[in-house]
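Have a look at the picture before you read on.

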Amino acid sequence: MQIEFKATKRDAQGTGASRRLRRAGQLPGIVYGGAGDALPVQMDHNELYHLLRKEAFHSSVLTIDVDGNKQTVVLRDTQWHPFKQQVLHIDFQRIDANEKMHLKVPLHFVNGDASPAVKLGGCMIAHPINEIDIQCLPANLPEFIEVDLSALQAGETIHMSQLKLPAGVEIVHHGEGDPVVANATVAKGGAAEAEEGEAAA
């Protein structure tokens, strides 16, 4: 997905200047990394607020147009007001098409209702992990990683090492072991219902 948005260079800096920008409906931010210097910017708050509500905005290569100068970036951080629906500050990092990047991408779990664990075993499927840290070139960045649950049996688990990754994508795992991304456990009363269904058949 191609996502592009506009920004302008931000000259006035500091807490007071940022507060005035927010009152005017603007969102202060910064673009950093790569060969260029850190660049303070300001954007339309409402535009960025609605973009942030899209899952793809958090795991896509973005294009920011700063006063006509387009730069390729990824979202790195946002600061939110503690109780208002207001973004206080946003950070973007420049990327190089020839250098691998690290980014968290969401997991999309599909076909759970069609799995033997649910249809025959009366199980509930839990998702202990909903996003993973990956490494790849910008051109290979997926918006999400799909986890197919169609073959999941009662009592089985799917581990991170079992995920099918797109070409050129590697998982960056911090820590030991092989984390579970999905598991099927028998829900209360599920086993009895499943047995009754089999007996009736």
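The points below go from the whole chain down to single residues.

1. First, a caution: what you have here is a predicted model. Please read every point below with that in mind.

2. Let's start with the fold elements. The protein chain has 13 strands along with five helices. Its radius of gyration comes to 22 Å, whereas the globule rule gives 17 Å for 201 residues, so the chain is more spread out than a compact globule. The spans of the C-alpha trace along its principal axes are about 75 × 40 × 30 Å.

3. What share of the contacts with a separation of 6 or more joins residues 24 or more positions apart? In the protein chain that share is 67%.

4. Now for the inside and the surface. Of the 201 residues in the protein chain, 40% are buried. The chain exposes about 11600 Å², and 49% of that area is supplied by carbon and sulfur atoms.

5. On charges, the protein chain carries 18 positive and 26 negative ones.

6. How many disulfides does the structure hold? The count is zero. As a reminder, a disulfide is a covalent bond that links the sulfur atoms of two cysteines. Cys 123 has a relative accessibility of 6%, so it counts as buried, the cut-off being under 20%. Cys 136 is at 0%, so it counts as buried too.

7. Ser 115 deserves a stop on your tour. You'll find Ser 115 in the loop that runs between β7 (101-110) and α4 (116-119). Setting aside neighbours within four places in sequence, Ser 115 touches Ile 125, Leu 149, Ser 150 and Leu 152.

8. The loop between β7 and α4 also contains Asn 111. Its phi is near 65 degrees, which is a positive value in a residue other than glycine. With a relative accessible area of 41%, Asn 111 is partly exposed.

9. Asp 67 has a relative accessible area of 53%, so it falls in the exposed class, which takes values over 50%.

Notes:
Residues are numbered from 1 along each chain as its sequence is written. This is a predicted model: local features need pLDDT of at least 70, side-chain atom pairs count only at pLDDT 80 or more; totals for chains, interfaces and linings use all residues. Side-chain values use heavy atoms; hydrogens and water are left out. Helices (H or I, at least four residues) and strands (E, at least two) are DSSP runs, numbered from the N terminus. The radius of gyration is taken over C-alpha atoms; the globule rule is 2.2 Å times the number of residues to the power 0.38. Buried means under 20% relative accessible area, exposed over 50%, partly exposed in between (1.4 Å probe, protein chains only). Contact means heavy atoms within 4.5 Å. Accessible areas come from the Shrake-Rupley method with a 1.4 Å probe; for residues, only the protein chains shown count as cover. Lys and Arg count as positive and Asp and Glu as negative; His and the chain ends are not counted. The place of a charge is taken as NZ of Lys, CZ of Arg, CG of Asp or CD of Glu. A disulfide is a pair of cysteine sulfur atoms within 2.5 Å.
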